[in-house]
Amino acid sequence: MTFGPNAHEWLGRAIGVTVGAVDLVRLKGSTSSSVFRVQFVRHGTAQRFVLRILDNSEWLANEPDLA
């Protein structure tokens, strides 16, 4: 999965920072989804979390209650 401009804008709004202030790196090893490390600075404090996006349509068809 690519994390496109619309997704970047949504993420920036959700965490309260500008899009350019977010460092997003795709992590390896996920089976049922795409996983990203998200880093940014807000109010002078470094913030970091993992964002999981359920985007594997085949997996979701077999496991509709995955989320």
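Reply: Buried means under 20% relative accessible area, exposed means over 50%, and partly exposed lies in between (1.4 Å probe, protein chains only). The model is a predicted one, in which local features need pLDDT of at least 70 and side-chain atom pairs count only at pLDDT 80 or more, while totals for chains, interfaces and linings use all residues. Residues are numbered from 1 along each chain as its sequence is written, and side-chain values use heavy atoms, with hydrogens and water left out.

The residue in question is Ser-34, whose relative accessible area is 2%, so Ser-34 counts as buried. Ser-34 belongs to strand S2, which covers residues 34-42; strands are DSSP runs of E with at least two residues, helices are runs of H or I with at least four, and both are numbered from the N terminus.

The side chain of Ser-34 has polar contacts, meaning pairs of N or O atoms within 3.5 Å; within protein, one atom must be able to donate a hydrogen and the other to accept it, and residues adjacent in sequence count only if both atoms are side-chain atoms. Another, of 3.1 Å, is with the side chain of Arg-26.

Of its 67 residues, 24% are buried. The C-alpha atoms fill a box of roughly 45 × 20 × 20 Å along the principal axes.
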